[in-house]
Amino acid sequence: MHNYPLRQKEKEARLIWASVRATLEAFRFKTKRSGKKSKSNWTLFKRLLWIFQFLLKLTGVYKRGLANAKNINVKDVTLIFEDLPPAFNGFKILHLSDLHIGTIGGLEDVLIRKIRPLDFDLCVITGDFRMDITGSFRPVIPAMEKLLDTVHPEYGILAVLGNHDTYKMVEFLEPLGTRFLLNETIHIEKENQRLCITGTDDTFYYYTDMAMYALEDSSGEFSIALSHTSELSDIAAENHYKLYLCGHTHGGQICLPGGLPVISHQKGKRERVSGFWQHNGMTGYTSPGAGVSGIPLRFNCPPEITVFELVRKS
Ligand SMILES: [Fe+2]
């Protein structure tokens, strides 16, 4: 399995990235692309959710929501591209997002059962490994170790961080076989042809221009962007990325019948809450996520893991 070792230049760039991310995390300010900074109101949001959860527990609805959240859907999707390098015709990518380990005990076992029979060449994880946005990340490590032990695609496992994650996780998760893309680009080679994959740091809480600059590195090859949110899709499309994979919204997690989200953490662009969207010729996909955050419930919004098959248009 490929592990994409770090070059010296990348090691040096990571030191700068880590010091900036550590500073942003330490001050607990949301840093937005718009330049806006505001204190996180996650604690208040969690209290409101706790009241909502308590009310649901008084009814049978809570049990149904928990069962929904554990019933992970495996979705197969074929993506057709005119300029896909021929060697990658039929290449399969497993996309996982928003695992939020710990919100539902044993969710990693459900995931293992779902992933084990699947056939794929590469796995990508678009952030939010952790349940909370602060505090200990340690419970994530043994659960991810167990999960990653069953995932051995030929071209490895690539990941980006989400807004719930801390930079400290990287040094524990990379030795387990996950290569993080921290505003970095790697190339996957097959029969002397290449795919370019860029991953950015989270931009929902931790935006820096380094994330934007990372997407200016695609060098005209067939390129795929990984990011926790869809916020950088305009930059990716400008730089001729063909596919943009993200998560973050959980598809709304709690939706009205018909899938209309009550809260989505997605400003504007409703079509990006879940599933496919397009931006200036680039295909985007927002995963509804495999896990849950806040409360361990889902309504009218099934959790999902997605297998994309890349096909070259003949
Ligand atoms: Fe999430």
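Among contacts in the protein chain (heavy atoms within 4.5 Å) between residues at least 6 apart in sequence, 74% join residues at least 24 apart. The structure is a predicted model in which local features need pLDDT of at least 70 and side-chain atom pairs count only at pLDDT 80 or more, whereas totals for chains, interfaces and linings use all residues. Residues are numbered from 1 along each chain as its sequence is written, and side-chain values use heavy atoms, with hydrogens and water left out.

The protein chain contains eight helices and 16 strands; these are DSSP runs numbered from the N terminus, with helices (H or I) of at least four residues and strands (E) of at least two. The radius of gyration, taken over C-alpha atoms, is compared with a globule rule of 2.2 Å times the number of residues to the power 0.38. Its value for the protein chain is 19 Å, close to the 20 Å that the rule gives for 314 residues, so the chain is as compact as a globular protein of that length. The C-alpha trace spans about 60 × 40 × 35 Å along its principal axes. Of the 314 residues, 54% count as buried, where buried means under 20% relative accessible area, exposed over 50% and partly exposed in between (1.4 Å probe, protein chains only).

An iron ion is held by the protein donors Asp98 (OD), His100 (NE2), Asp128 (OD) and His250 (NE2), which lie 2.1 to 2.2 Å from the ion. Donors are N, O and S atoms within 2.8 Å of the metal (3.2 Å for Na, K and Ca); water is not among the atoms, so sites may look incomplete. The angles among the four donor atoms run from 87 to 173 degrees, and the site is irregular. Four donors count as tetrahedral if all angles lie between 85 and 135 degrees; four count as square planar and six as octahedral if opposite donors are over 155 degrees apart and all others between 65 and 115; anything else is irregular. In sequence, the donor residues follow the spacing D-x1-H-x27-D-x121-H. His100 lies in the loop between strand E4 (91-96) and helix H4 (107-115), and His250 in the loop between strand E11 (243-246) and strand E12 (255-256), so the pair ties together parts that are 150 residues apart in sequence. Both histidines are buried, His100 with a relative accessible area of 1% and His250 with one of 4%.

Helix H4 has Leu107, Glu108, Val110, Leu111, Ile112 and Ile115 as its buried residues. Their cover includes helix H3 (61-70), E4, helix H5 (140-148) and strand E16 (304-312). Beyond its neighbours within four places in sequence, Ile115 is in contact with Leu94, Leu96, Phe120, Leu147, Val151 and Ile305.

Asn280, although not a glycine, has a positive phi of about 45 degrees. This residue is found in the loop between strand E14 (275-279) and strand E15 (282-286) and counts as exposed at 69% relative accessibility.
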